[in-house]
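Load the model and colour it by secondary structure. Then follow the strands in the paragraphs below.

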Amino acid sequence: MADAKVRLYVDQPLAEGQSVPLTREQAHYLFAVMRLGPGDRLRLFNGRDGEWEAAVAEAGKRAGSLICLERTAGQEAPPDVWLLFAPIKKARTDFIVEKATEMGARRIMPVRTAFTNAERVRRDRLAAHAVEAAEQCGRTFVPPVDELRPLGAILERWPAGRRLMFCDEGLAGARASLEAAPPAEGWAILIGPEGGFSEEERARLRALPFVTPVSLGPRILRADTAAVAALAVWQMTLGDWR
Ligand code: SAH
């Protein structure tokens with residue numbers, strides 16, 4: 001199958017003529033699952049050096065190597081928007097990470113709020129979902145996934161110059177609010193858990209000078225739907241969908 005459509009994320013530097021050794025999992029995926037063999041082409045990216053066309057140099061059952069041929073795309077500089085979300089059930093949390101990657105989030109931050117049920121998240125699993133989504137959707141950038149941290153602690157040390165789009169029911173329309181917000185160096189989006197935010201959290205968030213509260217319409221969305229919807233509105237108003 002001489003098909004350049006397979007895209008693979010690798011850790012190694014990418015440059016013309018560079019040999020890229022494969023891990024056991026990568027060799028299994030390319031040679032057993034995708035049925036590539038010596039000479040076949042594929043695309044590589046590492047999150048730093050853009051996208052490269054490569055060819056299979058050696059193909060074994062558990063190992064192999066590729067050779068990097070030519071650059072097919074420059075390194076993407078994604079719009080500066082983080083997604084902060086309260087983790088929910090496992091499959092829905094996986095979905096949020098996958099969709100946030102497709103929608104162009106720059107960093108994915110699970111946060112613990114007053115009504116968050118999840119005590120822990122498997123950061124490595126979520127990061128693997130981000131890699132897979134980036135491979136699939138043609139991004140050359142893989143958003144890092146942070147460890148679960150308390151929302152309060154993040155708000156206390158909020159970076160100067162970054163605004164927070166606080167998604168809550170019953171507020172002013174998202175697009176108009178984003179357009180009216182003061183210019184910012186970067187943004188973040190905050191989505192609550194199934195139980196929503198506590199009154200205390202709401203009051204605190206609304207009082208913070210860097211917060212822009214927004215509504216995503218009159219229907220109550222599930223947290224996973226809300227994350228995708230919020231990223232769409234942000235990309236359309238301030239990001240790379242304009
Ligand atoms: N608070 C609701 C359910 C929360 S929905 C309840 O108690 O029944 C989960 C999260 O999705 C919310 O915290 C909010 O961040 C986001 N969300 C859902 N629908 C929304 C809407 N219409 N506008 C803004 N945010 C919304």
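Two strands count as paired if DSSP finds at least two bridges between them. Helices (H or I, at least four residues) and strands (E, at least two) are DSSP runs, numbered from the N terminus. The model is predicted: local features need pLDDT of at least 70, side-chain atom pairs count only at pLDDT 80 or more, and totals for chains, interfaces and linings use all residues. Residue numbers start from 1 along each chain as its sequence is written, and side-chain values use heavy atoms, leaving out hydrogens and water.

Begin with strand 1. Three bridges join strand 1 to strand 3 (residues 41-45), and the two run parallel. Here Tyr-9 stands opposite Phe-45 of strand 3. Helix 3 (residues 123-137) packs on the sheet and touches strand 1 and strand 3. Contact means heavy atoms within 4.5 Å. The direction of helix 3 makes about 150° with that of strand 1. Axes are lines fitted to C-alpha atoms, for helices over the stretch in contact, and angles between N-to-C directions run from 0 to 180 degrees.

Five strands form an open, mixed sheet in the order 1-3-4-5-2. Strand 1 (7-9) and strand 2 (19-21) are the edges; each has a single partner strand, so one side of each lacks a neighbour in the sheet.

Move on to strand 9. Strand 9 pairs in parallel with strand 10 (residues 186-191) over five bridges. Leu-164 stands opposite Ala-188 in strand 10. Four bridges also join strand 9 to strand 11 (residues 211-214), again parallel.
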